[in-house]
Structure formats: C-alpha cells, structure tokens
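Student: Could you help me learn to read how a ligand is held by a protein? I'd like the general idea before the case.

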Amino acid sequence: MASRILVTGSAGQIGAELVPYLRQRFGNDRVVAAIHKAAGAALLRAGPVEVVDVSSAEALAKLVKEYAVDTIYHLAALLSATGENNPQLAWQVNMDGLRNVLEVARTNGVPKVFWPSSIGVFGPDAPKEMAPQNAALNPTTMYGVTKVAGELLCNYYFLKYGLDVRCLRYPGLISSEAPPGGGTTDYAVEIFYEALRTGSYSCFLREDTVLPMMYMPDALRATVMLMEAPRTEVRLHSGYNLSAISFSAGEIAGEIRSRIPSFKVTYKPDSRQRIADSWPQSIDDSVARRDWGWRHEYDLSKMTSDMLSKLDKRMNG
Ligand code: AKB
C-alpha cells in the first residue's frame, strides 16, 4: 500500500489549510485528515477523514497501521488563552497527545514527525527584540510550559531513538481561510473580519502591543520546506525560531484604515494582555534561514491587501 501522511488537528487553524496544501502537493488520497469531532469534516472531504482522540494511543496506532502512515503532522493542541483558563486540560491535551504520537511513531516505524512549537516558549526574561534561537526558555503560561516540555521531548526522541522530529516556533498566524481559537494573537485575524462585517473592532490588547506574526501562506511554505529539507541540513530537533513580521495592534488597525478609512478600533485589554506582555516583540530566525534557506514573502502591507480582498470576496460574494 502507498504510504500516507497523517495530520492530527486537521480542523484547526493550521490543519484546515495544511491538509489541502499537502493534498495538492501529494494527492488527495495520500493525506489522512484526523479530527477530534465529526464537526468540521465537511471541508476536508476531498480525501480520507478520520475521527480520532489523540489521548488514545491505541486509536492512533490503529490509524497509522491502517493507512501505512510514514509521516505525522501532529497539530492537535490548546492555544495560550484557552490554556490559561484551564491549565490542567492544556497539559493533558498538549503533552499526552504529543507523547502518544511520538510513541506510536517509534513503535510503528513511522520515520518522520512534525510538531508545532510557538513563540510561547519565551517568557519575560527573553530579550524583547530579536529573541535569539538559544534564549532562556522560562515561559509564564501553561501553554508555554507545554511547548518547552514538548520541544525537549521531541529532541529526546531524536537523540534516543533517531526519530526524525522537526519543529517550528510559529509566531501568531493570520489566515483568510480558517479562524483561530483560544490564542493571544487571534485579535490580528478578528480585526479583518470585523473591519468588513461591522466597520469597528474592540481589541483585547493595548494599542502599543507588538507581537511577532506571519501570514498563513508563509507558514505553510515554511512547514513543508522544513519537512522536505535534507536530514543533514536540519540541525535542530527541538524548535526552530521562525519569523516574518512584527507590528503593534495600532499599526495593523492603521494599515486596514488606509484601505477602509471609516474603520474604528477601540482598545480594551483583558487577561490576554499579560500573556502578550510575556512574549518577545520580534524573533531572530537566522538559524532557520541559514540551515534550510527560510525566507518570508509577506510583509504587513502585502498581507493586509491579500486578507481584505480574500475575505471581501468570501463575505460579500
Ligand atoms: C497563541 O496566541 O496562543 C498562538 C501562538 C502564538 O502560539 N497563536
């Protein structure tokens, strides 16, 4: 049987776009979209879809055997804001799921795994500007704790068992296709929808809050670039810093306002402000650029034009 790629968390923000991206590249039948609940399956029907709970290693192993899986993209996870509301659940979902995936890969001869880390690995003591690859990782959120522990676990499986695990520290991701859920950087997606839908937006972060961000087409390209890089070029099996653009909430509002002059934004910081304040404002990803040739394509202006035109077409026909 031809080998297949398994993507967990396929209905989430990254999965909903990564699955079609991989299917276009490798064929619909070659990519199995695993989702947690049957809801969200409709958009993934172009190829195989399976409902699976990543907390069950048996269920995962069954899928891996049935489809002769040779690569797993394990995306199922809780994000930072949801994680702070329920830290115990965040640990359980993020860590048990990853441990199961790594174990199932190891014991079933799956040679390659992708796992998303995040800028959430950094805490208040990392440099705010251009946080380097090897900055101290002392996060103050449970999400960050699971990302640091997850990176260490991935690296351990590489060192101990030779499992080729590859990880990216994604910045906040902005996508025209799939809404995020439960993240601190979600405002940068919501703001586009509200600009077109109501002409106003109440932002849950302060106007001067600067965070590292990336447009989804760049994130998809980075993910597949890393996974296709020759083994000799991938020197890190914890998490590569990955970066594209940094902007404040006020700057993205201004960028939208330059295209929709009547757009109004108010700022009402909530508990997510504390999370944002604990993260760096920009990331030094020179190691990824050196090791496997990463370059981003979208700046703030190019991303804003593309987002508005795609969302406008979808919302207003
Ligand atoms: C979040 O805001 O939690 C995520 C992330 C930066 O990992 N988007």
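Tutor: Gladly! A polar contact is a pair of N or O atoms within 3.5 Å; within protein, one must be able to donate a hydrogen and the other to accept it, and residues adjacent in sequence count only if both atoms are side-chain atoms. Here, an N or O atom in the side chain of Tyr143 is 2.6 Å from an oxygen atom of the ligand. For Ser80, a polar side-chain atom lies 2.5 Å from a ligand oxygen atom, and a polar backbone atom of Thr184 is 2.7 Å from an oxygen atom of the ligand.

Tutor: Two cautions on reading these. This is a predicted model, where local features need pLDDT of at least 70, side-chain atom pairs count only at pLDDT 80 or more, and totals for chains, interfaces and linings use all residues. Residues are numbered from 1 along each chain as its sequence is written, and side-chain values use heavy atoms, with hydrogens and water left out.

Student: Which residues surround the ligand?

Tutor: A residue counts as near if one of its heavy atoms lies within 4 Å. The ligand is surrounded by Leu79, Ser80, Ser118, Ile119, Tyr143, Gly183, Thr184, Thr185 and Trp279.

Student: From which domains does the shell draw its residues?

Tutor: Domain bounds come from an automatic or database domain assignment. The shell takes at least three residues from each of domain 1 (5-173 + 215-241) and domain 2 (175-212 + 245-281 + 298-316). The C-alpha centres of domain 1 and domain 2 are 25 Å apart. Their contact (heavy atoms within 4.5 Å) takes 28 residues from domain 1 and 26 residues from domain 2.
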